Structures are given as C-alpha cells and as structure tokens.
Amino acid sequence: MIKFVRLLSTMLIVLAVIFLSYCYFTKKGIFAPIVIHKAEVKIGGDFVLINQDNQIIRSNDFKDKYMMIFFGFSSCKKVCPMNLGIISEVLAKLDEKTNKKLQTFFITVDPERDNTEKLKEFQQQFDHRIQMLTGEREKIDEVITSYKVYTSKIGEEEEINHSSIIYLIGPGGKYATHFVADLNSDESQSDKIVAEIKKHINEP
C-alpha cells in the first residue's frame with residue numbers, strides 16, 4: 001500500500017512538472033499573459049449653461065475650438081482662486097494666435113449660491129477671458145457627471161470638496177488632456193500648462 005502511494009505521488013509530481021514546463025514554453029495555461037481590453041473612458045460632453053453676463057452658453061458653439069475647463073465655486077477659499085490664478089497666467093502667456101483657438105470656462109459646482117451676479121463679481125479677480133458658468137442644479141450635475149468631477153459637501157459648512165482637474169477638450173468635444181497643478185510647488189505651473197496646450201493646439 002505504501003509503495004502504491006509513493007508511486008502515485010511520484011507520477012503526480014512528474015505530470016505536474018511536464019504540465020508546467022509545457023505551459024511555460026508554449027505561453028499557455030497559467031503562464032499565459034493576461035490580456036486586458038482597456039475600454040476608453042469618455043470624459044466631457046455637451047452643455048448649455050449661463051455665463052456671468054446672463055448669456056446662454058452652448059458648448060457646441062465652440063466645437064471648432066479647444067476648451068480649457070475648470071470646476072469649482074466662488075466661495076472656495078484656496079484651491080479655486082489658486083487654480084484660476086494659474087489659468088489666468090496661462091492665458092497671459094499664450095500668444096494671440098493660440099488664444100484665438102482656445103475658450104476657457106469655470107463651471108460652478110455650487111449653483112445654489114453661485115448666481116450670475118456672484119460669478120460676475122468673482123470674475124473680476126481673474127483674466128476676463130475666463131467665462132464663469134452656472135445653471136440649474138440638474139444641468140450642473142449632468143456636466144459634473146460627464147466630466148467625472150468629484151464633489152462632496154462638508155457637513156453644514158460652506159466648503160465643498162471637489163477635484164481640481166483642469167481639462168483640455170479638443171475640437172468636436174473630444175478629450176485631449178488634463179492638468180493637475182501642484183499648488184505647493186515653487187516651480188511655475190503655468191509654464192508647464194502653456195507648453196502642453198501649445199503642443200496640442202499647434203500640432204500639425
């Protein structure tokens with residue numbers, strides 16, 4: 001009986017070695033590379049909102065341009081003013097030809113408080129070419145969802161946690177790239193963004 005068990009164990013080991021060797025050399029079985037089909041994540045979408053001058057803004061009206069878009073709210077104490085300051089620097093550093101191919105938007109995530117009057121006042125702190133957009137809660141939520149923006153209110157406080165991504169959308173509403181400014185860096189963040197924008201807008 002003991003001899004039979006030993007013989008069976010030996011045979012199983014031999015078979016295992018043969019199988020593993022076959023798998024290794026033929027790249028099949030457990031050694032086969034795992035193929036992951038990456039589904040394209042769609043970022044962006046059409047929107048119809050209202051700007052600080054109470055004008056209706058349709059993203060389709062800019063389908064032949066690039067759009068730089070940042071989400072935030074006017075009561076934001078640090079992240080939004082700093083990012084909008086960087087965006088203002090970017091617009092100041094871009095040449096006229098590039099600027100003509102670009103439209104910049106700030107879209108509020110807090111439409112209940114950010115009406116057109118408040119956004120018009122907020123706009124005075126930054127480059128006048130940044131259009132400040134608001135709208136009904138439902139429409140804002142649709143844009144937030146289509147751009148994969150994270151938002152979360154902090155209890156009953158006025159502050160809102162939100163992602164601080166600056167999007168660059170190409171002609172036809174196609175996602176081009178995005179930027180995340182390092183607000184704690186001593187390096188010029190606007191220079192990095194300018195270089196990337198020029199790479200996309202002025203590419204042949």
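Predicted model: local features only at pLDDT ≥ 70, side-chain atom pairs only at ≥ 80, totals over all residues.
**View 1. Helices α2 and α6 pack against each other.** Let's start with two helices: α2 covers residues 79-93, and α6 covers residues 189-201. Their axes are 9 Å apart and meet at an angle of about 55°. On the α2 side, look for I86, E89, V90 and K93. On the α6 side, the contact is made by Q189, S190, D191, I193, V194 and I197. Sorted by class, the contact has five nonpolar, two polar and three charged residues.

**View 2. N83, a buried residue of helix α2.** Stay with α2 and find N83, which lies in this helix. Is N83 buried or exposed? Its relative accessible area is 1%, and under 20% counts as buried, so N83 is buried. Which residues does N83 touch, leaving aside its neighbours within four places in sequence? N83 is in contact with F70, S164, I166, A181 and L183.

**View 3. C76 and C80, two cysteines without a disulfide.** Here you can see C76 and C80, whose sulfurs are 3.1 Å away from each other. Why is this pair not a disulfide? A disulfide needs the two sulfur atoms within 2.5 Å, so C76 is in no disulfide, and C80 is in none either. The structure as a whole holds zero disulfides. Both cysteines are buried: C76 has a relative accessible area of 7%, and C80 has one of 0%.

Note on methods:
Residues numbered from 1 in each chain as written. Heavy atoms only, no water. Axes fitted to C-alpha atoms, helices over the stretch in contact; angles between N-to-C directions. Helix = DSSP H or I, 4+ residues; strand = E, 2+ residues; numbered from the N terminus. Contact = heavy atoms within 4.5 Å. Nonpolar A, V, L, I, M, F, W, Y, C, P; charged D, E, K, R; others polar. Buried < 20%, exposed > 50% of the residue type's maximum accessible area, 1.4 Å probe, protein only.
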